[in-house]
Amino acid sequence: MSLDTCPPLTPAAVLGPVGALTAAESLLVVQQAQRLGQTELTRALLCELACRFPEEPAVALAQQSLGLALGMARQQAYQGLLEWLARRGDDPVLLFQVALVERELEQLELARQRLERLLAICPEFPGAAGMLASLVFPGPGYRDVLAWLHGQLRPRGYLEIGVESGQTLHLASGATRAIGVDPELGPLRRDWVPTAGQVFALTSDDFFARHQRAELFGEVPLDLVFIDGLHCYDAALRDLGHVESWAHAGTVVLLHDVLPPFSQAAQRQRETRFWVGDTWKSLVALTRARTDLSITLIPTAPSGLASVRGLCGAGAFAFAAQLSQLIEELAALQLSDLPPLGELAGLRVVPNNPAGWELAVGTPFQRL
């Protein structure tokens, strides 16, 4: 007989005598009661567990989570969680739950601080990095920005470096000549490759060494480029240098992963699942060596976009000549050595909304 058809039961009847079930086993029973819609029984079971396991944070967490689900005042649940957090110290589960409630209460700075503390203790805690990124960069995510840009710019030629599943390559319209480059095409969904599209299983360095613009695009101008490759600044800068030789004066280049939402994700070597890499250094290089460019930051989750315009200008030749030296000079640079990236001279930050995106790419889009 299931819990939703049986007569009313007491917690003792469901859980058995004290010691019959562990705290974890008891919580599974509570969760089943909640899934079956047995609200009163669920409440009674949690009260019983609080008596049986008074020092078990998972029980306290379940009480507060259930309270939120059942309409308990968020402030009441929040205070309960804070009391447990004070007793248990930096318990990762409690830290995450407190941050969730603080987000609901719109105490966003407290939630950010809580998540930063959690990630310092437990860098791989599920969901923490993504939640922090959404707090650091509120509003639409980068794929939404790209979708809007494709709709507005309607590029005739589109190049994407770093294709993965093809989710962003798929944003190109059927009328766009779209080229994707990625050495690992295992995750690629072939149905996401645009009708007038083609994907190359090469590193970007090999791709540019083997192919010429005219061979792939013919007379179609390269209007839009999305660079989302190796998450390394040197690769991003080389990609930009190659792209410049294929671009026209109105080409828009978008660099991804230029704004790490927290420092652990900004390392060159990957140590966490959520990883931005050191692509942010490419912004430093461009502000030093390419003052002729217009560079605009879009603070979009999870790790920002930079719009680069004005390629093929006076600085192009000198940039190519000094690229190796520039890459070497930035090798030892740490994120902590810099002011916030949005405050670097030569960079403009726009709001993460359509008005800001329009400023980032220029309006109207200049097709030459």
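A search of the whole structure turns up 13 salt bridges, each being a side-chain nitrogen of Lys or Arg within 4 Å of a carboxyl oxygen of Asp or Glu. Before you click: this is a predicted model, where local features need pLDDT of at least 70 and side-chain atom pairs count only at pLDDT 80 or more, while totals for chains, interfaces and linings use all residues. Residues are numbered from 1 along each chain as its sequence is written, and side-chain values use heavy atoms, with hydrogens and water left out.

Start by selecting Arg238 and Asp205, whose side chains form a salt bridge at 3.2 Å, N to O. Arg238 sits in helix α12 (residues 233–246) and Asp205 in helix α10 (residues 204–210), so this pair ties together parts 33 residues apart in sequence. (Helices are DSSP runs of H or I, at least four residues, and strands are runs of E, at least two, numbered from the N terminus.) Arg238 is partly exposed at 28% relative accessible area, and Asp205 is partly exposed at 30%; buried means under 20%, exposed over 50%, and partly exposed in between, with a 1.4 Å probe and protein chains only.

Next, pick Glu244 and Arg290, a salt bridge at 2.8 Å, N to O. Glu244 lies in helix α12 and Arg290 in the loop between α13 (281–289) and β6 (294–298), so the pair links parts 46 residues apart in sequence. Glu244 is buried at 7%, and Arg290 is buried at 1%.

Last stop: Lys281 and Asp278, bridged at 3.8 Å, N to O. Lys281 is buried at 3% and Asp278 at 2%. Now select Asp205, Asp234, Arg238, Arg268, Asp278 and Lys281 together: salt bridges with shared partners join them into one network.
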